Structures are given as structure tokens and as C-alpha cells.
Amino acid sequence: HLNTSGQAQFALWLRERVLEMAGQVEQTRVYGDTRYTTAIEIATRSLSGGAVASSEVVVVNGLGTVDGLAASGYAGSRRAPILLTQADALPATVSNYLAANQPAAVTIVGGTNAVQPVVEEQIRALLPSAAVVRIQGADRYRTAEQLARTVFAEAGVLFIAAGSSQV
């Protein structure tokens, strides 16, 4: 157990180690005008670089971080990019990406408050032949649990993060 002082010292030590390693790797800044376009830029570059496949995407609410964080392991295991949406409308840039890439599968992460049914309907209309599924739980913790069970049913190690903060 670390106290506040110990946590701060560890954070500084970790930052120094990451910066040391980063100096050995080519870095490219990827960004967009909004968080939604930034996610599209990451997906596009990852697709062209072969890091992700075009056959599946994961869609999460772009205003919260919890479902996106929980979905990262799921998306990585499936080589699927994570796209961000508004709760009540699919941004045009995301619609354009989906129309251009025609993924065969779309996984929506989060309940109907996080990603409302109207967004799911927009996705289904854009991609009528795609398999569209939703992974959700009664709350953010149960959603994370469902994602973890889907991918890591036999995991030997478990890491836990607090779900009480949006930061």
C-alpha cells in the first residue's frame, strides 16, 4: 500500500522510465479537431499500418472514459479499432468511416444511456449486413466484467482499476 507521498514518488519514477523508453522509439503525434476525429485518425492509421483489421469496430461513448478503457482489451484481442460516438447521435466522421470501411461486425459497448438505441439504429442503417451486438452490464463495473469474461475467461492475472473517476 502506498501513501500519497509514495504514490507521487512512484509516478515520477514511472514517468522517467517511460520517457527513457520513448527516446528509443519513433514517435508520431496523431490528432484530429475533436476526440471523435482523433479516434478516426488512429483507426485509419492503424488500419493502413496493419495494426487493426477492417472487419470489426468497437463503438463507445466519447464523453466518458470508463467504457472505452474497459473495451480496450476486448478491441485489442479482436484487432478492432475503438470509435467514439455521442450518446444520441453518430458523428458524421464516424458514419463516413463506417461507410468507407464496411466492417462486418460492430460491437457497441455500454448500456442504452451511454450509447442510445438511435445510434445503434444509425449503425444498422449504414451497415445492413453487419452483425451489430451490444455488450453491457447493469452498470460500468458489470459492463467491464462482461467484456473481460468475453476475452479473458482463462486469464492467469487480473488487473483492477477504480471505476469511480472519469479521469
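Strand 1 is mostly covered, with six of its six residues buried. Buried here means under 20% relative accessible area, exposed means over 50%, and partly exposed lies in between (1.4 Å probe, protein chains only). Strands (E, at least two residues) and helices (H or I, at least four residues) are DSSP runs, numbered from the N terminus. The model is a predicted one, in which local features need pLDDT of at least 70 and side-chain atom pairs count only at pLDDT 80 or more, while totals for chains, interfaces and linings use all residues. Residues are numbered from 1 along each chain as its sequence is written, and side-chain values use heavy atoms, with hydrogens and water left out.

Strand 1 spans residues 56-61. In a regular strand the side chains alternate between the two faces of the sheet. In strand 1, E56, V58 and V60 point one way. V57, V59 and N61 point the other way. All of these residues are buried.

Two strands pair if DSSP finds at least two bridges between them. Strand 1 and strand 2 run parallel and are joined by four bridges. Here V60 has L84 of strand 2 as its bridge partner. Strand 1 also pairs with strand 3 in the parallel sense, over four bridges. V58 is bridged to T107 of strand 3, and V57 stands opposite V106.

Strand 3 covers residues 105-109. Four of its five residues are buried, so the strand counts as mostly covered. Strand 3 runs parallel to strand 4, and five bridges join them. V106 stands opposite V132 in strand 4.

Strand 1, helix 3 (residues 66-78) and strand 2 make a right-handed β-α-β unit. Strand 3, helix 5 and strand 4 make a right-handed β-α-β unit as well. A crossover is right-handed if, with the strands pointing away from the viewer, the path from the first strand over the helix to the second runs clockwise.

Helix 5 spans residues 117-126. Its buried residues are V119, E120 and I123. Seen down the helix axis, they fall within an arc of 100 degrees, so they line one face of helix 5. The arc is that of the directions from the helix axis to the C-beta atoms. E121 and A125, on the other side of the helix, are exposed. The cover over the buried residues of helix 5 includes strand 1, strand 2 (82-85), helix 4 (92-101), strand 3 and strand 4 (131-135).

V115 lies in the loop between strand 3 and helix 5. V115 counts as buried because its relative accessibility is 0%. Contact means heavy atoms within 4.5 Å. Leaving aside neighbours within four places in sequence, V115 is in contact with V60, N61, T85, A87, I108, V109 and R134. L90 is 25 residues from V115 along the chain, and their C-alpha atoms are separated by 9.3 Å.

Two other loops hold residues with positive phi. R79 sits in the loop between helix 3 and strand 2. Its phi is near 55 degrees, a positive value in a residue other than glycine. With a relative accessible area of 39%, R79 is partly exposed. Q102 lies in the loop between helix 4 and strand 3. Phi of Q102 is near 45 degrees, again positive in a residue other than glycine. Q102 counts as partly exposed, at 44% relative accessibility.

Rolling a probe the size of a water molecule over the atoms shows where empty space is left. A pocket is an open set of points, on a 1 Å grid over the protein atoms alone, where a 1.4 Å probe fits, with protein on both sides within 12 Å along at least five of seven lines; lining residues have an atom within 4 Å of a point. The second largest pocket has a volume of about 270 Å³. Volume is the space filled by probe spheres set on the points, which are joined across faces, edges and corners. The lining has 17 residues, and A39, I42, V60, I82 and L84 lie nearest the centre. Helix 2 (35-48), strand 1, helix 3 and strand 2 each supply at least two lining residues. Helix 2 gives the largest share, six residues.

S46 is also in helix 2. It is buried, at 18% relative accessibility. Not counting residues up to four places away in sequence, S46 touches A51 and V52.
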